[in-house]
Amino acid sequence: MRRVATLFSALTLATLSWTAGTAAHAVTPAPSPSHPAPSAQGTSVSTEEQRAAIRFWTAERLRTARDVTTLPAARTAKPAGAAPTTGERVAVPPLPGPAAPASGPSTRATSPTAWTGGGLISTTAGKVFFQNASGGTFACSATVANSDNRSVVLTAGHCTVDAATGTGYRNWVFIPGYNNGNRPYGTFSARGLFWDSQYVSTRGNANWDYAFAVMNTLNGRTLADTVGAQGIAFNSQTGRHVHSFGYGGSAAEGNGERLNHCEGNEFADAGRPGSTMWGIDCVQTGGSSGGGFLADFSGGGGYLIGNISVSAGANEYHPTLGNEALGLYRQAGAA
């Protein structure tokens with residue numbers, strides 16, 4: 001039975017105060033700086049802070065960071081039919097990465113399953129680590145999205161900002177291809193975080209729980225030039241067969257140390273009044289927050305259409321990427 005969705009982490013971080021091969025990219029031009037996306041909000045990171053973040057994340061701190069966890073699910077919900085999307089449909093194709101051959105079709109993953117299929121997702125999915133204002137260290141997931149600056153990852157809003165205060169998280173890094181503490185492509189520090197202002201103004205409404213981080217170069221190379229990038233689509237068709245990827249923290253998912261995979265046919269979230277989210281009958285646990293939902297997925301590559309945001313019972317949901325997300329993405333890609 002499908003049940004109403006609840007936030008993975010936004011309320012948890014705010015209330016608990018823990019202390020502890022495809023075509024090259026062709027992106028629609030970014031908006032003029034004089035006409036920024038009205039819903040954009042975020043924070044920039046100084047060069048010294050970027051360097052400090054790399055130094056901060058020692059192997060021990062990676063090991064002890066808390067996986068972002070779910071909150072208890074609430075009341076029941078009824079399934080809903082597909083709803084039409086509005087706005088310009090924009091699709092940016094994937095960008096090939098280093099050789100990571102796909103092993104063929106995966107076993108249908110109706111519960112979180114270790115990803116062994118290789119392909120582009122094995123290099124472009126990764127683990128996020130950050131610190132909140134109280135000094136607590138946490139882990140989420142993210143995916144490289146093709147962009148003009150080849151430096152953007154898609155993640156969850158609640159993995160970038162405290163919705164209760166509007167304070168962005170610090171010491172924010174992304175480790176593509178993370179596996180059992182290994183950093184095969186290095187550690188990339190964020191030079192900017194972009195979240196939707198409506199996520200903060202609503203104090204964590206999951207409809208706006210998406211964000212983009214702009215990563216610094218590493219050894220003179222951009223993130224996408226190092227690992228490739230998934231495609232990304234806005235105002236796309238809903239109700240399709242989709243795949244999700246994340247670093248869930250349960251024992252069954254490898255305690256956050258490996259990439260896991262879910263898939264299913266999308267259905268609308270009818271259990272939360274005003275929800276515009278879509279989900280599948282499979283759920284990954286804490287630490288998977290921010291992991292990518294992909295459509296048209298084949299051979300390890302596809303198009304990002306959202307990120308893991310909320311869970312309820314045996315379901316997980318993602319916000320839709322509409323006009324506001326498109327404006328945010330264009331700003332991040334121009335940063």
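**The disulfides and their surroundings**

Modeller: Both Cys-262 and Cys-282 are buried. This is a predicted model. A disulfide joins these two residues, Cys-262 and Cys-282, with 2.0 Å from S to S. The angle about the S-S bond is -55°, and the link of Cys-262 and Cys-282 is left-handed. Cys-262 sits in strand E16, residues 260-265. Cys-282 sits in the loop between strand E18 (278-280) and strand E19 (292-298). The pair therefore ties together parts that are 20 residues apart in sequence.

A word on the bond itself. A disulfide is a covalent bond between the sulfur atoms of two cysteines.

How many disulfides does a search of the whole structure find? The search finds 2 disulfides. Besides the link of Cys-262 and Cys-282, a disulfide joins Cys-140 to Cys-159, with 2.1 Å from S to S. The link of Cys-140 and Cys-159 is left-handed, with -80° about the S-S bond. Cys-140 lies in strand E7, residues 137-145. Cys-159 lies in the loop between strand E8 (152-155) and strand E9 (161-162). So this pair ties together parts that are 19 residues apart in sequence.

Are these two cysteines buried or exposed? Buried means under 20% relative accessible area. Cys-140 has 0% relative accessibility, so Cys-140 counts as buried. Cys-159 also has 0%, so Cys-159 counts as buried. Count the bonded cysteines along the chain, and the disulfides follow the pattern 1-2, 3-4.

Look next at the partner of E16. Strand E15, residues 241-246, pairs with E16 in the antiparallel sense. The pairing of E15 and E16 runs over 6 bridges. His-243 stands opposite Glu-263 in E16.

Turn to Asn-207. This residue is in the loop between helix H5 (197-201) and strand E13 (211-215). Asn-207 has a relative accessible area of 9%, so Asn-207 is buried. What does the side chain of Asn-207 make with the side chain of Arg-272? The two side chains make a polar contact at 3.0 Å. Leave aside the neighbours of Asn-207 within four places in sequence. Asn-207 is then in contact with Arg-272, Gly-274, Ser-275, Thr-276, Met-277 and Pro-319.

Asn-171 has a phi near 50°, a positive value in a residue other than glycine. Asn-171 is in strand E11, residues 170-176. With 16% relative accessibility, Asn-171 counts as buried. Asn-180 has a positive phi of about 50°, although Asn-180 is not a glycine. Asn-180 is in the loop between E11 and strand E12 (188-196).

Note on methods
Residues numbered from 1 in each chain as written. Predicted model: local features only at pLDDT ≥ 70, side-chain atom pairs only at ≥ 80, totals over all residues. Heavy atoms only, no water. Helix = DSSP H or I, 4+ residues; strand = E, 2+ residues; numbered from the N terminus. Buried < 20%, exposed > 50% of the residue type's maximum accessible area, 1.4 Å probe, protein only. Polar contact = N/O pair within 3.5 Å; in protein donor to acceptor, adjacent residues only side chain to side chain. Contact = heavy atoms within 4.5 Å. Disulfide = S-S within 2.5 Å. Pairing = 2+ DSSP bridges.
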